[in-house]
Amino acid sequence: MPPCLSARVWQVGEGLSPDCAFHFITGTMQEASKQTRYKLLVGSSIERRTVSWMWEGKFARNELNLIAGMGGTGKSAVAYDLAARVTSGAEWPDGAPNDDPGSVLILTTENDPHTVLMPRLDLAGADDAKINVLMGALDDNQQECQFMLDDHLDILDDVLNDYPDTKLLIIDPIMSYYGKGVNPNSDADVRRVLDKVAALAKKHEVTVLCLAHLNKKENLDTINRVAGSGQLVATCRIVWQAERKRQTNDCMIRITKSNIADPNTCLSYCLELDQEAQAVRVVWDDANKPSAEVTSQSEEAKRLRLQMRGETGWAQ
């Protein structure tokens, strides 16, 4: 440390857990008119932690996750199938145990709770007593208004405090909830909002699942096709792309960006319409479960992905 600087160790800092100490260095330059103040983390004081998962290797807890896709690829249906499993404790589609069931909080502007959302969740086997749908917020005049992340994040914090068993937060679609003063194409605006949501996810230890649309430029990769600012893809720790084979009900989701999960991960499913309930449900392919011959899930997923991507007619 330069001799002109003095160091103090603080136990709590902005955005850091109480057990994560850092050095707050206050420097006074030789010239009285110059001062520098900054915060830094010293490597020896940083607690090493492993990634916490809602679904091992698929969707991370305490983080933002994203499913992006064109309309009709089943991204909402997949999200609601996962929500049902969270509430019921049913195993995951690959056969992995679901060890931490709980409640689910849903924000949606595209699926009516009465005619679409709850019928889909019922078909998926959800415990409806553990499903909560945030329908709006109250402004300073106690008038109902649309909930927006940038304007009402404190309300979302209150909801998560009031329902501490919430394990999954679904935002469908994320772009509709940024905020009235947020430009969805501005990197700075979008990053500012998402960083707050990410901090809330860590605070309440919930998995945040965002849904987003893709544009029609199939020659681009997913990172450049997600509607709005690229900061949505950059901020989410795991990004899935939903695809559907044209003129069929055969679909798949595959990881297109992650630094904590196997990039070869791919899960296949079909969309099935229940005539009586007039709702769509997800039927997962048995091929998602590791076979006796292929004990490595990574190798099985890679085989499935290559097989499906080798076929023509997939809508991306």
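**Exercise 1. Find what Leu273 is in contact with, leaving aside neighbours within four places in sequence.**

Start with the cut-off: a contact means heavy atoms within 4.5 Å. Leaving out neighbours within four places in sequence, Leu273 is in contact with Gln278, Ala279 and Val280. Helices (H or I, at least four residues) and strands (E, at least two) are DSSP runs, numbered from the N terminus. Finally, go from Leu273 to Arg120: they are 153 residues apart in sequence, and 10.0 Å apart in space, C-alpha to C-alpha.

**Exercise 2. Decide how far to trust the model.**

This is a predicted model, where local features need pLDDT of at least 70 and side-chain atom pairs count only at pLDDT 80 or more, while totals for chains, interfaces and linings use all residues. Residues are numbered from 1 along each chain as its sequence is written, and side-chain values use heavy atoms, with hydrogens and water left out.

Now the scores. pLDDT is the predictor's confidence in each residue, from 0 to 100. The protein averages 85, and 81% of the residues score at least 70. Over residues 1-30, though, pLDDT stays under 50.

**Exercise 3. Work out why strand β6 (residues 64-69) is largely enclosed by the rest of the structure.**

Step one is burial: buried means under 20% relative accessible area, exposed over 50%, and partly exposed in between (1.4 Å probe, protein chains only). Six of the six β6 residues are buried, so the strand is largely enclosed.

Step two is direction. Leu64, Leu66 and Ala68 point one way, Asn65, Ile67 and Gly69 the other, and all are buried. In a regular strand the side chains alternate between the two faces of the sheet.

Step three is pairing, which takes at least two DSSP bridges between two strands. β6 runs parallel to β12 (residues 207-213), joined by six bridges, with Leu64 opposite Val208. β6 also runs parallel to β13 (residues 238-245), through five bridges; there, Ile67 has Trp240 as its bridge partner.

Now step back into the loop between β5 (59-60) and β6, where you'll find Asn62. Asn62 is buried too, at a relative accessible area of 18%. Its contacts beyond four places in sequence include Ser52, Ala198 and Thr207.

**Exercise 4. Which residues touch the most other members of the largest nonpolar core?**

A nonpolar core is a set of buried Ala, Val, Leu, Ile, Met, Phe, Trp, Tyr and Cys residues joined through side-chain atoms within 4.5 Å. Of the 38 residues in the largest one, the answer is Ile170, Leu209 and Tyr269. Helix α1 (residues 75-88) supplies the largest share of this core, eight residues. Apart from it lies another core of 36 residues, among them Phe147, Leu153, Val182 and Ala201.

Now zoom in on Ile170. Beyond four places in sequence, its contacts include Ala79, Tyr80, Ala83 and Leu209.

**Exercise 5. Which of the residues lining the second largest pocket are the closest to its centre?**

On a 1 Å grid over the protein atoms alone, a pocket is an open set of points with protein on both sides within 12 Å along at least five of seven lines, and lining residues have an atom within 4 Å of a point. This pocket has a volume of about 200 Å³. Of its 16 lining residues, Gly72, Gly74, Lys75, Ser76 and Arg120 are the closest to the centre. The largest share of the lining, three residues, comes from α1.

Terms used. 1 Å grid on protein atoms, 1.4 Å probe; cavity = no way out; pocket = protein on both sides within 12 Å on 5 of 7 lines; lining within 4 Å. Points joined across faces, edges and corners; volume = space filled by probe spheres on them.
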